[in-house]
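Here is a short note for a colleague who is opening this model for the first time. The points below go through the core, the rings and the charged pairs.

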Amino acid sequence: MQIIIVTGANGQLGQELQSLAKEYANYKFVWTDKDEMDITNIDSVKNVFEENRPTLCINCAAYTAVDKAEDDGKELCKKINVDGVKNLAKTCKEYNAKMIHISTDFVFDGKKNTPYAEDDTTNPISVYGETKRESEQVCLQENKESIIIRTSWLYSEFGANFVKTMLKLTKEKQRLNIIADQIGTPTYARDLAKAILDIVAKDWSGKKGIYHYSNEGTASWYDFTQTIKEYSQNDCDIKPIPTEQYPTPAERPKYSVMDKTKIKETFDISIPYWRDSVKKCIEKLNK
C-alpha cells in the first residue's frame, strides 16, 4: 500500500484532497499541517517520515499572503516556501519517496500574450513569486524525480478565497470596481486535487519535471466576478477598472494563462472549463 504524506492539509487544496481521498482506498494518507509537521524544521520533517515511511509526499503547504510578503512577511515567506520545500525534497530523497510540489503562475512576469509553457523563462515580479521559483529550483536540485505542478487563481468551498469573498460582496454591495486588465485562469481546487490523485495512480517512469494545471479558458478578475454574480443571482453593478486604479504592495502578472498540453498528454487528463467549475463550486457552497 502506498503511504502518502500531504502537507498543508488544512488549506484549500489539502481539504479538497481529503474530501476525495475516500475514493482511493488503496492508499494510506497521512494528513499534516504545521502542528503535525513543521516543514521549516528538518527534525520535525524527519520524525514524521521515520514514523510513517511514505512512498510519496504531496506538498500543498505554502505562504500565500502575496502582499504581506512584500513587507513584514518576507522572511517567513522564504522560510516556508524555500527552506521548507528544501527540507521536504531532501527527506523524500533520503527515504526514497516521490514528491509532488505545488507552485504558481506568479513565477512569470506576465509580459507574454500567449499561454506560458513549462520551459518559458521565469521572471517573478513579487517576493512571493520569487520564493516560489526558488522552491521549484531547490525541489529539483534536492530530488530530481519530483513533479512540480504550477497552478493559478485557486478557489474552493474551503478557506478564504476570491469566490467566497465575491459571493459575499456581490450580495452586500450595490457596486464593485474589479480589475479587468489582469488575465489568467481561475482554478477549482477540487479539479486540481482530482488531477493530482489521477497522476498518483499512474506510472511516473520518466515523467518528472514541471507541469501546468489550471482550468481551461481565460478570464480577467472582472470576468471571474461577473460569472460569480451570474451563478449566485446576486444584484450588484460591477465596473471594470485598470490595475492602476487598485494599487497593491505586490505587483501581479498582467497575463498568466498557462499551456496545459503537457500534463494533458502525459497523464491523459481531461480538464474542465473554468465557468463550469465555478458553477459547481457555488452550487456546493449554496448547499
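Which residues of the largest nonpolar core touch the most other members?

1. The model is predicted, so local features need pLDDT of at least 70 and side-chain atom pairs count only at pLDDT 80 or more, while totals for chains, interfaces and linings use all residues. Residues are numbered from 1 along each chain as its sequence is written, and side-chain values use heavy atoms, with hydrogens and water left out.

2. To the question above: L17, I58, I100, I149 and I196 touch the most other members of the largest nonpolar core, which holds 30 residues. A nonpolar core here is a set of buried Ala, Val, Leu, Ile, Met, Phe, Trp, Tyr and Cys residues joined through side-chain atoms within 4.5 Å. Buried means under 20% relative accessible area, exposed means over 50%, and partly exposed lies in between (1.4 Å probe, protein chains only).

3. At least two residues of this core come from each of β1 (2-7), α1 (12-21), β2 (27-31), β3 (56-59), β4 (98-104), β5 (147-151), α6 (189-200) and α8 (261-267). The largest share, seven residues, is supplied by α6. Helices (H or I, at least four residues) and strands (E, at least two) are DSSP runs numbered from the N terminus. A second, separate core has 27 residues, among them F49, C57, V127 and V138.

4. Leaving aside neighbours within four places in sequence, I58 is in contact (heavy atoms within 4.5 Å) with I4, I5, V6, T7, L17, I100, I196 and V200.

5. There are 16 aromatic pairs in the structure. Rings of Phe, Tyr and Trp (its six-membered ring) pair if their centres lie within 6.5 Å; planes under 30 degrees apart count as stacked, over 60 as edge-to-face and the rest as tilted. F29 and W31 are stacked, because their ring centres are 5.0 Å apart and their planes at 10°. F29 is buried at 15% relative accessible area, whereas W31 is partly exposed at 26%.

6. Y155 and Y188 also form a stacked pair, with ring centres 5.4 Å apart and planes at 10°. This pair links distant parts of the chain, 33 residues apart: Y155 is in strand β6 (residues 154-155) and Y188 in strand β9 (residues 187-188). Y155 is buried at 0% relative accessibility, and Y188 is buried at 1%.

7. A charge sits over a ring if NZ of Lys or CZ of Arg is within 6 Å of the ring centre and within 35 degrees of the ring normal. K262 lies over the face of Y211, at 4.5 Å from the ring centre, and K112 over that of Y116, at 5.2 Å.

8. How many salt bridges does a search of the whole structure find? The search finds 16, each a side-chain nitrogen of Lys or Arg within 4 Å of a carboxyl oxygen of Asp or Glu. One of them joins R133 and E130 (2.8 Å, N to O); these residues are three apart in helix α4 (residues 127-142), so about one helical turn separates them.

9. Another salt bridge pairs E230 with R275, the closest N and O atoms being 3.2 Å apart. E230 lies in helix α7 (residues 221-232) and R275 in helix α9 (residues 274-286), so the pair ties together parts 45 residues apart in sequence. E230 is partly exposed at 44% relative accessibility, as is R275 at 23%.
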